[in-house]
Amino acid sequence: MLENIRLSFQGLWSHKMRSFLTMLGIIIGIAAIIAIVSTIKGTNEQIKENLIGSGENTVDVRLYQGDNTYEIDWYGIPDGVPVISEETREQLVGLDHVENASLYVSRETYNAVYYQNTPMPGGKVYGIDKNYLDTCNFILKQGRGFTESDFKKFRKVAVLDESSSETLFQGADPIGKTIEIQREPFIVVGVITKSSKFEPVINSREDYDTYAESSNGAVYVTDAIWPVLYGYDEPQSVILKLDSVDNMTVAGKDASNILNTGLNVTDETMKYKAADLLKQAEDIQNLSQSTNTMLIWIAGISLLVGGIGVMNIMLVSVTERTQEIGLKKAIGARKNRILGQFLTEAAVLTSLGGLIGVIVGIILAQVISKVTGTLVAISIPVSILAVLFSMAIGIIFGLLPSYKAANLNPIDALRHE
């Protein structure tokens, strides 16, 4: 085998231009497939990041009525929806793939938040428990977070995110300043930010609506002081921190099932549901799947053309080396040895073309990314599979010329001119 490989490289080197032109079809086909697959994979990751957020392994479980979230602002506190207990929260933390869980309530601000005469026109006010900031991957940028005594002593303190801080204070230091929430004074004790920054790509009105809530800012108070602002016994939402975004769907369903067992509502459409962003991402990805498959098949046609080129050049090689084959057979070379030599030469030719094609494909994918701004993700398994596939093409299309060479009559071969 090693001798066959050595002879194959020797033959390729002695006909460098012919070998390169023969490999060109394989190179183009493999490069096109690598570039297309990398772009498709990168686009799918971009879709997932746009919906979920980079590094956000969290899933939101809220109370729904039908297909829409239940709006307390419009419908009031529903009957039969109990307050979620600490025991239930610990049960949620015990679910597979769940690292932490937090309970919270929220309302749209509707100009309910002011600093002096400056309003915060959009965004939300949240009443959170002591687990919320950690669960949602927040870190302190200024000041402090909520302490145990803030909850126990019902202190009127607030924490802002970067957007609400900029809106209300316009770059000034907010720590220690007093803001009004529902005409109640709250002292700002901290400013928080996400531990990993994520800038979504917004290409449509739907994208804008998805991110408008977070971009308008948020104000956080303790859930202990929440009844002073709005109401007692409001139905809470749950946010779960997971070990991976890939487990969002299953963890969200399990959490919903636990929460729904405690409901005693007359409206059967009122249930806790998880905001299954991962499924939304997969649905969007599936819409483009047929187009992606068609592009890969089109690129595969060039591999077929490349394979035919390999067959053609190997037939020419057999004709050129007829006397060499006859001499080998005359001194005792068996059919299997001749067959193996030519098959090895075809496999080496296409494998080398496959390797070059993978390199060209990776470079092409990076160029596409730079020119179009599209995210690309190189797939190592696909690259390995492409090289193996190109080797298989060499074996398949080299079989006929190799078989022809192995079955030459040694006497006719020696007499060939």
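## Buried or exposed?

A residue counts as buried when its relative accessible area is under 20%, as exposed when that value is over 50%, and as partly exposed in between (1.4 Å probe, protein chains only). Take Leu21: with a relative accessible area of 52%, Leu21 is exposed.

## About the model

This is a predicted model, where local features need pLDDT of at least 70, side-chain atom pairs count only at pLDDT 80 or more, and totals for chains, interfaces and linings use all residues. Residues are numbered from 1 along each chain as its sequence is written, and side-chain values use heavy atoms, with hydrogens and water left out.

## The whole chain

The protein chain has 16 helices and 13 strands, and 44% of its 417 residues count as buried. Now for contacts, meaning heavy atoms within 4.5 Å. Look at those in the chain with a separation of 6 or more: 81% of them come from residues 24 or more positions apart.

## One face of α4

Helix α4 (residues 86-93) has Thr88, Arg89 and Leu92 buried. Looking down the axis of α4, you'd find its buried residues within an arc of 100° (taken from the directions from the helix axis to the C-beta atoms), so they line one face of the helix. An α-helix has 3.6 residues a turn, so residues three or four places apart point the same way. And what covers those buried residues of α4? The cover includes β3 (98-108), β12 (237-242) and α10 (248-260).

Notes
Helices (H or I, at least four residues) and strands (E, at least two) are DSSP runs, numbered from the N terminus.
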